[in-house]
Amino acid sequence: MYQLLVVDDEDATLQGLASLPWHQLMISQVHCAHSVRKAHEILKAFPIDVMVTDIRMPGRSGLELLQDVTDFSIQPKCILLSGYSDFTYAQAAIKAQAVDYLVKPVRDEELLHAVERALVKKSEEKKERYMQEQTVAAIKKNVSFLADSVFQPWIRGEKGEETLKAELLHYGIAHHRDIRTIPITVRVDDSKNVSHGWKLMVDEELAEAYVLLEKHISLNTVSYLLYPVHHNDPLVVEKDVHDRAIRLRKALKKDLFYGVTIKVGEPLIFWKQAKRYLHKPLMDSTNKEIQQDSLAKRVKEFIDASFMKQPSLQDIATNLYLNPSYVSKRFKEETGETVTDYTHRLRMNRAVTLLTETNMKVSLISEELGYQHASYFIRVFKKEFKQTPHEFRQR
């Protein structure tokens, strides 16, 4: 049985929506809220499966309520109602991840069908989550078996690619041709009198979602290639590995009282690069190869090589196979400045070099730096240096 939440500031509308024959959809309980605040109380108290909400309400809107839903442990499927057939509202609904957008007045049959479709999606998600949880439990019990008996014979050249793919298909593990794997190396600074417990902590954290393909194991270093069991999206995989690395670093430092270095490497296309990576010896622990990898460094390298093309945050994120908001947040954490600030500083430094070391016209300098209009470049430069480019050059 399911639970439904209806949100609308008009009492008559609320009562009308609540009185529909929801039992036909196996909805056993219908909750009503006149405001976003009341909706919050219901969402906290009950496992709501589907929420139907008006967009325009006094105070906070239905769109804002949809954004709030992501903060709750149980996230219902959401349907937005609006008295306006405005395309901007539809766009906003899509952005807020509503499963449907209906224009008032809504026919009873139309709303019932919309809720039915939402319940089907909800049910499919529950089944998928259940299967994933079952798979995770099975993989955690058999992760060493998969690594040793399924992957290693292929890595050693004892069986072919098609055989491995067939076995992965049998175990329900992703195996498409572009699947990406992530190298990770963990090193503790002092392994003397340290038990192997830290390695177990590493394995337990990573084996929840990855088959651990061993590259190197010593007293103070473990290095794996992580093969994703569930996720195919490279953005999801890399973000998940970085998140796990952060958790590991905190847990290991707390438990060991020693310095811990974790390097998350660049994603590798498994079928093309895995064997070569796993067969290549790990560099000495004193080498920079296993020092902590910096996302900010990778971002800077991309910007440095293309800043005159005005790369957007989306361009940078796409190049790194990461989510734009994740790149922005990590870059700010590592450098103390935003991506925009860094790009601006790079342009200004280049502008100074061109003004002092060449005779290029200001208009050409502006064009080379990626500005569409020289007048805008002059304003930006003056704001930065309290002088126009011409005044700066003549000083």
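Colleague: Which residues account for 65% of the contacts in the protein with a separation of 6 or more?

Modeller: Residues 24 or more positions apart account for that share, where a contact means heavy atoms within 4.5 Å. This is a predicted model, in which local features need pLDDT of at least 70 and side-chain atom pairs count only at pLDDT 80 or more, while totals for chains, interfaces and linings use all residues. Residues are numbered from 1 along each chain as its sequence is written, and side-chain values use heavy atoms, with hydrogens and water left out.

Colleague: How many helices and strands make up the secondary structure of the protein?

Modeller: There are 16 helices and 10 strands. Both are DSSP runs numbered from the N terminus: helices are H or I with at least four residues, and strands are E with at least two. Of the 395 residues, 44% count as buried.

Colleague: Why is aspartate 54 called buried?

Modeller: Buried means under 20% relative accessible area, exposed over 50%, and partly exposed in between, with a 1.4 Å probe and protein chains only. Aspartate 54 has a relative accessible area of 6%, and therefore counts as buried. The residue is found in strand β3. Leaving out residues up to four places away in sequence, aspartate 54 touches Val7, Asp8, Asp9, Gly62, Leu81, Ser82 and Lys104. An unreviewed UniProt entry gives Asp54 the annotation "modified residue: 4-aspartylphosphate"; such annotations may be inferred rather than shown by experiment, feature names are shortened, and positions are given in the numbering used here.

Colleague: What makes serine 61 count as buried?

Modeller: The relative accessibility of serine 61 is 18%, so serine 61 counts as buried. Its place is in the loop between β3 (50-54) and α3 (62-69). Neighbours within four places in sequence aside, serine 61 is in contact with Val36 and Ile55.

Colleague: Why is strand β9 described as largely enclosed by the rest of the structure?

Modeller: Strand β9 (residues 260-264) is so described because 5 of its 5 residues are buried. In a regular strand, side chains alternate between the two faces of the sheet. From β9, Val260, Ile262 and Val264 point one way, whereas Thr261 and Lys263 point the other way.

Colleague: How do you know that strand β6 and β9 pair?

Modeller: Two strands pair if DSSP finds at least two bridges between them. Strand β6 (residues 180-188) and β9 have 5 bridges, in the antiparallel sense. Within this pairing, isoleucine 184 stands opposite valine 264 in β9.

Colleague: What makes α11 roughly perpendicular to α12?

Modeller: The axes of helix α11 (residues 313-320) and helix α12 (residues 324-335) come within 8 Å and cross at roughly 95°. Angles of 65 to 115 degrees count as roughly perpendicular, under 35 as roughly parallel, over 145 as roughly antiparallel, and the rest as oblique. That makes α11 roughly perpendicular to α12. The contact involves Leu313, Gln314, Ile316 and Ala317 of α11, with Pro324, Val327 and Ser328 of α12. The axes are lines fitted to C-alpha atoms over the stretch in contact, and angles run from 0 to 180 degrees between N-to-C directions.

Colleague: Why is lysine 386 called exposed, and why is methionine 26 called partly exposed?

Modeller: Lysine 386 is called exposed because its relative accessible area is 66%. Methionine 26 has a value of 47%, and is therefore partly exposed. Most residues other than glycine have a negative phi. Methionine 26, however, has a positive phi of about 65°, and lysine 386 has a positive phi of about 65°.
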